[in-house]
Structure formats: structure tokens, C-alpha cells
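Here is a report on one protein model.

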Amino acid sequence: MTRFVTKLAAATAAVALASVPGLASAQTTQAVDEKTGPVSFANVASVRIGNPGSLITETQRSPLTPGQSKLSPDRTVVPRDDGEKNTFGDKWAVNLGRFGAQSPFPPGIASRDHNVLAALQQTTVPTAVAESNYALLDNGRGGAKPADNTVLVLEGAKSAVDCSSPSKATSSTSVGKIWVRDETGALKPSGASGLDVKGLKLGPPSVIKNENIGKDETTSDLTVSRVTAFDQLIRQDGWRDGDVTAVAGWKVDIVTHVRDDAGKDLREARTTLVLGGVSCSIPKNFVAKPAGGTGPGAAPEQPAVPGTVPAGGIPPQAADSTRTVVGLGLLGGGIVIGAAAMLLLRRRKPVPVREK
């Protein structure tokens, strides 16, 4: 099911080079090894619903030759369609920064496109970055406007990795401001280093047939923290690590205590979101090539590949020869895995918000 775009791009390039006299002999760039060579990955948002179910959006993988793979700006929300809703549920939604007439964000936060890309620099150093604003909406609240349903916002979130050498693999995860609804129901800023909230008025991502949920009694415990380990990323099998690996991103863990109107525990729903998950990996003997350009995948030694690469965009014929593929990744769309049912009985008392 999963097919790497690097294989597709390589096949397209081979056909194109064969049809242009003299071009093949002029190519000097040698592709890195697909299975063990330097590589980076970037994902805008993915979700694990309990243990068996996951929703993984389009994942970008760095090319085998200098260039970059960038997520299309058309991905603006999760879940995007009925197929994704079947796994994620139909109550929650994650806005990825761009919105129309009605904003899901607090006043003053403008609509913006995300910047999510995985790149192989001219030096063959793998890098990745994910920048966006994120808003988690609970449409089960029944608000008149999207902002009425927003319970969590990560404003100006950015995660980045750079694997320059085995002794210099760096990562960074930052955010301008984290907003969360407090006990009064107001959406307020709560720091920029992380978050730990108990008793948040947040219902489950989906409901079970004939389940009588008490909206006022149902609460969630929510924790926002930085991704610090490769296994914390929500990923498909094609997303690999290496001898040396750097990771970054924001992890949101939510435990929802579903109760009826009388306050009786019905079940416990566990959900984990990873926003802006990125990684880069290199072999233990990796040595970067001499620098000769700037920026992600800048000034590659080979010209841009002409034509349309299957399942993606058209590589631009830019004057600086930078090769960028828009919307290519491990997947041409979101991948849905497993089911979304979680049943555990437990009740906890709400306690005040504390910043971490």
C-alpha cells in the first residue's frame, strides 16, 4: 500500500534523462542509499485512538538526491473526509492554520499555510521542518462558531531537525503560545513550554451507539509535551530511523472520562496527537559533502526533473535549479489503521490547570 515517492521520482528521471541527449552524461549527483542512507521525514498531524487505531496524514520523505518534498497547502484539517472520520471520530477536528471566513483561533491569529517539508541538502545532510498554527476543536460542544468549539491552540508551533554529522544531530521544538480553555470556559494563553490540565470540558472524539453522555459531567485530562524519542512519533512502517536519529514535534495526550448525566463512569477514551512530527537519520559513518548552496535542497548538482511525477505535483523549473516536489510523501493521502473503540472505567476529580 505504501510506496516511496523516491522510487517514482527516480523512474521518471530515468525516462526523462534517456530522452534528452547529453543530459545523462552531465549528471554528477549520486543518489543516497534508500534503505540505510541519510533521510528525513515530516508529518503535519497524526492521531492514535486507543491502542489499535491510528490516522496518519501525508508524510513527506526526503528525496534520494538533493531536493525537498513539501506537503501541499490543500491539507488544512484533520479529519479531511468520511474515511478519516471513521477512524478519528466525528466530534473532534484539528485545524492546521488556514481557515475561511470563520476562524477557529483566538482573535489576532491570522490564517496561514503550514510549512512542512523533508529535504536532502546539497551536502547530503537530511533536514526537516514543520511550522503551523494548530487548533483542536470539540464539535460536540455545539458552539455557533468554530472558535466556540476550540479547546486547545498551539500558536506559532515549529519543530525542526538537522543531521549534519554523527556528533551533530540537532532538534528543536518551540511554540509562540499555548491556549487552553480554563474552568470558566474562556480560551486563554497558558505558557509556551508545555501543559498539564485536569478536568477540561472536552468530550470524546466519537460516541458509541445509544451512549447517553452527560456533557457537563464528562471531562478530559490533557498533557502537551515535546516529542523526545523516535517511538513517540505516530508513523507508518516506511518511516525509519538510523544509527543516529534526531526527532522533534509536539505530543498531545488526552484521557477522556466519559460519564452520564448522573456522573456515573461509562468508559475512558485515550487519544494521542503528534503535531509537526519530524525526524532525520544518518549512518554512523556519515560524512557530509562540501557545502555549495544554502537552504533546504538548494542548488542541486543535477537539473530539475521535467514532467509530472505520479501521485504528486510538478517539479518547478526554477532559475536556481532547486528541485521541490509538492505534496509527495510516503502517502498520497491520509492512512487509516484500525478501529477507534476504547473501554475502561475510571473516574477522576477535576483539579486546576497547571503549566509545565
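T124 is found in the loop between β7 and β8. Helices (H or I, at least four residues) and strands (E, at least two) are DSSP runs, numbered from the N terminus. Phi of T124 is near 70°, a positive value in a residue other than glycine. T124 counts as buried, at 8% relative accessibility. Buried means under 20% relative accessible area, exposed over 50%, and partly exposed in between (1.4 Å probe, protein chains only).

This is a predicted model: local features need pLDDT of at least 70, side-chain atom pairs count only at pLDDT 80 or more, and totals for chains, interfaces and linings use all residues. Residues are numbered from 1 along each chain as its sequence is written, and side-chain values use heavy atoms, with hydrogens and water left out.

## Strand β7 and its partners

T124 sits in the turn of a hairpin: β7 and β8 form it, with 5 residues between them. The two strands pair in the antiparallel sense over 6 bridges. Two strands pair if DSSP finds at least two bridges between them. N115 has E131 in β8 as its bridge partner. β7 also pairs with strand β4 (residues 67-70), again in the antiparallel sense, over 4 bridges. There, K70 stands opposite L117 in β7.

How many residues of strand β7 are buried? The count is 6 of the 6 residues (115-120), so β7 is largely enclosed by the rest of the structure. In a regular strand the side chains alternate between the two faces of the sheet. In β7 both faces are covered. N115, L117 and A119 are buried on one side, and V116, A118 and L120 on the other.

## F286 and its contacts

F286 lies in the loop between β16 and β17 (324-326). Its relative accessible area is 9%, so F286 is buried. Neighbours within four places in sequence aside, F286 is in contact (heavy atoms within 4.5 Å) with P38, T123, T124, V125, C163, S164, S165 and P166. F286 and D243 are 43 residues apart in sequence. In space they are 9.6 Å apart, C-alpha to C-alpha.

## The disulfide

One of the residues in contact with F286 is C163. A disulfide joins C163 to C280, with an S to S distance of 2.1 Å. A disulfide is a pair of cysteine sulfur atoms within 2.5 Å. The pair links distant parts of the chain: C163 is in strand β9 and C280 in strand β16, 117 residues apart. A search of the whole structure finds 1 disulfide.

Which hand does the disulfide have? The torsion about the S-S bond of C163 and C280 is about 80°, so the disulfide is right-handed. C163 counts as buried at 0% relative accessibility. C280 is also buried, with a relative accessible area of 0%.

Rolling a probe the size of a water molecule over the atoms shows where empty space is left. On a 1 Å grid over the protein atoms alone, a cavity is a set of points where a 1.4 Å probe fits but cannot get out. A pocket is an open set with protein on both sides within 12 Å along at least five of seven lines, and lining residues have an atom within 4 Å of a point. Grid points are joined across faces, edges and corners, and a volume is the space filled by probe spheres set on the points.

The search of the whole structure finds 2 cavities of 30 Å³ or more. The second largest cavity holds about 50 Å³ of space. V94, Y134, A135, L136, L152, L154, V252, L273 and L275 line this cavity. β8 (126-138), β9 (150-165) and β16 (265-282) each give two or more residues to the lining. β8 gives the most, with 3 residues. The lining divides into 9 nonpolar, no polar and no charged residues. Ala, Val, Leu, Ile, Met, Phe, Trp, Tyr, Cys and Pro count as nonpolar, Asp, Glu, Lys and Arg as charged, and the others, Gly among them, as polar.

The largest pocket has a volume of about 280 Å³. Its lining has 13 residues, of which D138, G140, R141, G203 and K215 lie nearest the centre. That lining divides into 4 nonpolar, 3 polar and 6 charged residues.

## Two further backbone features

The peptide bond from V78 to P79 is cis, with omega near 0°. P79 lies in the loop between β5 (77-78) and α3 (82-88).

N210 has a phi near 65°, a positive value in a residue other than glycine. N210 is in the loop between β13 (195-200) and β14 (219-226). Is N210 buried or exposed? At 74% relative accessibility, N210 counts as exposed.
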